[in-house]
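These are my notebook entries on one protein chain.

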Amino acid sequence: DKGPVDRIQFYGKYRGNMSFNFVEQGDYDGDYDITSIDVGMMGQFNPKYKTDFKLQLKFTPTSERTFFQNLISDAYIVNTAIPHHQIMLGNSRNQVGVEGGMSTTYVPFVLRSQIARTFANTRAFGARVIGNYSLVDYSLAFNSSDRFFREFFPGAEFTGWVNLKPLGKTDGKYGKLVMGGGLNSGRRHEDYT
């Protein structure tokens, strides 16, 4: 009861992809890919701190990065002491686009936009403030422009996303219209926006 951690939950995830190619002569080729092997834990520190944490490790084989560059997926703490706000510190998903902050586990392929698949499935190490009100929500982050711990702070990055909810005070009576936009800009060997 007096310890620093109030509760903790461990989890694991495995996802594979099997595809078949049938040709005219009745022959076929099969292929199986491992797309995700994750283990992690999430929990809450003592409630008086109003702080949660998450650590997720990725064991998915990849030829693009070393084992250790690919290992840490999420490693962050989130404080909710300020009403309508979350302050996040650590390595987490970048909010580039609507789906940018969402895991592929929760956003099916058919719902993920082309721009999110190409640019938004990234993680960055830094600090982020997330606000949520009835008429507006936002995510503002200042991060290292590095990805997958390849370099130590090659440059700074800003990622901001703002959603306006003009029907937010109608309790869904007229629908749930959300209009948003954002900016991802920084420097990693050269400027990008």
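I took helices (H or I, at least four residues) and strands (E, at least two) as DSSP runs, numbered from the N terminus. On that basis I find two helices and ten strands in the protein chain. Their order from the N terminus is β-β-β-α-β-β-α-β-β-β-β-β.

I note the conditions of the work. This is a predicted model, in which local features need pLDDT of at least 70 and side-chain atom pairs count only at pLDDT 80 or more, while totals for chains, interfaces and linings use all residues. Residues are numbered from 1 along each chain as its sequence is written, and side-chain values use heavy atoms, with hydrogens and water left out.

Burial: I call a residue buried under 20% relative accessible area, exposed over 50%, and partly exposed in between (1.4 Å probe, protein chains only). Of the 193 residues, 31% count as buried.

For Asp74 and Arg123 I read 2.8 Å from N to O. This pair links distant parts of the chain, Asp74 in strand S4 (residues 72-79) and Arg123 in strand S6 (residues 123-132), 49 residues apart. Both Asp74 and Arg123 are buried.

I next looked up Lys58, which forms a salt bridge with Asp38, the closest N and O atoms being 3.3 Å apart. Lys58 lies in strand S3 (residues 51-58) and Asp38 in strand S2, 20 residues apart. Both Lys58 and Asp38 are buried.

Arg188 sits in strand S9 (residues 179-188) and Asp146 in the loop between S7 and S8, 42 residues apart. Arg188 counts as partly exposed because its relative accessible area is 28%, whereas Asp146 is buried because its value is 8%.

Arg147 also belongs to the loop between strand S7 (136-144) and strand S8 (156-164). Arg147 counts as buried because its relative accessibility is 17%. Its side chain makes a polar contact with the side chain of Glu157 at 2.6 Å; I use that term for N or O atoms within 3.5 Å, where within protein one must be able to donate a hydrogen and the other to accept it, and residues adjacent in sequence count only if both atoms are side-chain atoms.

Notes. A salt bridge is a side-chain nitrogen of Lys or Arg within 4 Å of a carboxyl oxygen of Asp or Glu.
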